[in-house]
Amino acid sequence: MPEPLYEPDTAISAGGAGGATDFAVDEGETLEKRPDGGPQGAGPGKPRSLWSDAWRDLRRNPVFIVSGLVIAFLVVISLWPSLIASGNPLQCDLARAQEGSQPGHPFGFDGQGCDVYTRTVYGARTSVTVGVCATLGVALLGSVLGGLAGFFGGGWDALLSRITDVFFGIPVVLGGLVFLSVVTSTTVWPVIGFIVLLGWPQIARIARGSVITAKQNDYVQAARALGASNARMLLRHVTPNAVAPVIVVATIALGTYISLEATLSYLGVGLKPPTVSWGIDLSAASPYVRNAPHMLLWPAGALAVTVLAFIMLGDAVRDALDPKLR
Amino acid sequence: MGRYVIRRLLQMIPVFFGATLLIFLMVNVMGDPVAGLCGDRECDPATAARLRAEFGLDQPVWQQYATYMGNVFSGDFGTAFNGQRVTELMAGAFPVTIRLTLVAIVFEIVIGISLGVLTGLRRGRPVDTGVLLMTLVVISIPTFVTGLLLQLLLGVKWGLVKPAVSSAATVDELLVPGLVLASVSLAYVTRLTRTSVAENSRADYVRTAVAKGLPRRRVVSRHLLRNSLIPVVTFIGTDVGALMGGAIVTERIFNIHGVGYQLYQGILRQSSQTVVGFVTVLVLVFLLANLLVDILYAVLDPRIRYA
Amino acid sequence: MTAAPASFEPSPALLEVRDLHVEFRTRDGVARAVNGVTYSVAEGETLAVLGESGSGKSVTAQAVMGILDMPPGRITGGEILFQGRDLLKLKEDERREVRGREMAMIFQDALSSLNPVLSVGEQLGEMFVVHRGMSRKDARNKAVELMDRVRIPAARERVGQYPHQFSGGMRQRIMIAMALALEPALIIADEPTTALDVTVQAQVMDLLAELQRELAMGLILITHDLGVVADVADRIAVMYAGRIVETAPVHDIYKAPAHPYTKGLLESIPRLDQKGQELYAIKGLPPNLLHIPPGCAFHPRCPLGRDMCRTDEPPLYDVPDGRGSACHFWQEAHHG
């Protein structure tokens, strides 16, 4: 029986409902899939793999190119913010608090008189760090636990399923409030740790599902029948097939983790000053939203564009890796 | 059918205890529950020790958890920081949040499903691309930013609605907050509906329905939608619990005195009884919503009902 | 509805497909799935359309039914005359009236072709509700009648059940019942038994043939299975690369095929009386519809292929006894 639970990720992922075959019946299908065959078939005869096919699609996809460029830009300014921002995000002049846009300070000043432009640029580093580290942690923990449970099945699998159920039973923001409200550290690590703690079950479910699907492939069964060892089957046959969905979901999740960090910071339990973070700035700006909306709009815009870029990247990769949806 | 429901119910029990234990541990191990009881001052050691003994905090954690759960099942959720019964706070807060959640769910159903069906049937056309892009933007902007912006625009700049919600929290006051709360899920519902409709529209049974000479409207409403909406309905069902838990952000922005507000106060004042109590009820709501979804799923899909 | 109304032009054929062309737009180019197919079916006649997958037999049938996916499919030429009317010139509404009422289709995979969340009674009765304006209760009784007719045991008890609760053979019977509901003049069966167990295949095929005789319907039987064809078909049309390559009465074709492709197909059937011999296989692969070879599409695989075949596309030559063959050297194939 299928697990009748739908997380948001099924909305973005393919969600393969059974029984839906292509309308164009067998005829058109066999044509498209067959690499140029036929003794006299003209054109390139090179068979294409899933990955090279996906890459070919991606290079032509404007969504991928734009989001890729945005992300590349974000990574660069996270590493070297001084490239485009000469100021110091922590150097503030209370006398200039809430002042609007002016020469040299295109985004104006915030409630503490800090330059909004500089803080927005420096905020990227925090968001990208949290996003990337949390995603790596989640993907690693989730795919190892989920993959092993899916591969070996049995009692471990049942136990893991129950544990993921428990974690899914805790609303994320609530959990964050409870878990992080007692943390006093001003580094990014508690937030990352919390996201990994509550995020891994999502990836674990995906990894488990795709490992089970991959395991049932005929050629994997054949390898088993030929006496391939567990380790060899996992590495050679199962992993390559299970990796694609994990990458897709992880990319999209990266965006949502950045958003989650900002939300937690807005609620006052995420990152804490002096860390420069869009969430902290947004939280600080919200009381002044009537008089000085620029304090809110610039970091909010930067945050939205960042999250959007990651989600669109994941979306484009998903489309490229899942020919079914074309 | 009956066996199916019972099996789901039995599976719920360990999840309920696991999730509440996790929260209980987080609150009790990481925070000092006594600290909140002395108001803003530091507790002097003697008082702290007395309070510890009084609340059974000197006992092992698992025993505390057992005692707490025993009390919960007899309807005693303990006392909040200001001496009010936690159950009293709940009686005031839950109706407000339930109203807010219902408003949000209605938005999800009406707007999300309509947009999803529209785009699913017009895949690749400009409407589809436009709506799809919009959903991505909505998903990308954190709820609190959406909320602040809508409050700024509708409430302050254009004066269409009151920027804050009164303590009565009537349904018309909750329209904008409900939309904000629904926004991200609404985008997911749109996308899920779209994918599901588009996928099912290529299904063999839809082709059969066309071959039977049925009018297009009937093919869509009776054959395509009946099947496509099954995952959507289940998503919305599961979302009930998530929305109530996530309402904390929306309630903070619009100053709504619901569950999220009480929880936030509880956390600020380190009132562990309030926090654990509210979270326990929310987890229960979440699980019951899931159970409801499973039942709904079986009602909608005979393949599960008769499995 | 079994007799053509007199008001139409007198036409011997119930259905006449003339020079039909269908293309599919794919990522890699235009696939020409159907390239000038011409065939006809008379009342009460069974035409078997034979060919490998990709030969265009199903696409032609979908074009006739008007259920082709467009896009990516596109009908680029030809006529489909049904009872004298060109279906391609009808408005979608008029076309819909024809579907189900005057021509019906039976699909290969009954499990996926039936709606999983509606009971079989609802799906059968729907035909009467929509086309005949019947009440739901009357339609349900009609559904039970239909199920009796296709010999589903305990029809009255099972009418409320869902497709997944039936066996494969029973599900295909339901598909047949649905197609028969309004006693159409033409039935198109697209590989109706391919998905079934061998033991059940014959039962379903016999039932279909019997009902067709009873109702004097025209039947287009699409298949790749020569064995099925011999028992039930009157005439055969063999398709290759979107064209008819040979058409003949069924028994003649078995005796003396007039096209090297048909010959190859017949020789590749395993036979019990030729034990020990290596099984014949047509050399090469079916053509890629994105790049159909010029001239005769079959020439790269043809044992009779000459220079002429590379350049000149063969027309459908007349072969004695009302047959046709699209081979320049059909005489050689026929007698050799």
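User: How far apart do the C-alpha centres of domain 1 and domain 2 of chain C lie?

Analyst: The C-alpha centres of those two domains lie 26 Å apart. A word on the ground rules: this is a predicted model, in which local features need pLDDT of at least 70, side-chain atom pairs count only at pLDDT 80 or more, and totals for chains, interfaces and linings use all residues. Residues are numbered from 1 along each chain as its sequence is written, while chains are lettered from A and ligands numbered from 1 in the order in which they are written.

User: How do you know which residues belong to which domain of chain C?

Analyst: The bounds come from an automatic or database domain assignment. For chain C, that assignment gives domain 1 as 14–102 + 184–271 + 279–291, and domain 2 as 113–182.

User: What makes residues of domain 1 and domain 2 of chain C count as being in contact, and how many are there on each side?

Analyst: Two residues are in contact if their C-beta atoms, placed from the backbone, lie within 7 Å. By that test, 14 residues of domain 1 of chain C are in contact with 12 residues of domain 2 of chain C. On the domain 1 side, H8(C) contributes the largest share, six residues. Helices like this one are DSSP runs of H or I with at least four residues, strands are runs of E with at least two, and both are numbered from the N terminus. By class, the domain 1 side divides into 10 nonpolar, two polar and two charged residues. Here Ala, Val, Leu, Ile, Met, Phe, Trp, Tyr, Cys and Pro count as nonpolar, Asp, Glu, Lys and Arg as charged, and the others, Gly among them, as polar.

User: What makes helix H8 of chain B "mostly covered"?

Analyst: For H8(B), residues 204–211, eight of its eight residues are buried. Among them are Asp204(B), Arg207(B) and Ala211(B). The cover includes helix H7 (175–200) and helix H9 (216–254) of chain B, together with helix H1 (57–65), strand E6 (103–106) and H3 of chain C. Just after H8(B), Gly213(B) takes a positive phi of about 80°.

User: How many residues of chain C touch chain B, and which element of chain C gives the most?

Analyst: 24 residues of chain C are in contact with 20 residues of chain B. H4(C) gives the most to the chain C side, with four residues. That side divides into 11 nonpolar, seven polar and six charged residues.

User: How many residues does chain A bring to its contact with chain B?

Analyst: 47 residues of chain A are in contact with 56 residues of chain B. The largest share of the chain A side, eight residues, comes from H12(A). By class, the chain A side has 33 nonpolar, 10 polar and four charged residues.

User: What is the secondary structure of chain A?

Analyst: Chain A has 12 helices and zero strands. Of its 326 residues, 47% count as buried. UniProt, in an unreviewed entry, lists residues 124–314 of chain A for "domain: ABC transmembrane type-1"; UniProt positions follow the numbering used here, feature names are shortened, and annotations may be inferred rather than shown by experiment. That span is 81% helix and 0% strand, and its end C-alpha atoms lie 19 Å apart.

User: How do you know at what angle H5(A) and H10(A) cross?

Analyst: Axes are lines fitted to C-alpha atoms, for helices over the stretch in contact, and angles run from 0 to 180 degrees between N-to-C directions. On that scale, the axes of H5(A) (residues 116–152) and H10(A) cross at roughly 145° and come within 8 Å. The contact has 15 nonpolar, five polar and one charged residues.

How values were computed. A residue is buried if 20 or more other C-beta atoms lie within 10 Å of its own, exposed if 12 or fewer, and partly exposed in between; C-beta atoms are placed from the backbone.
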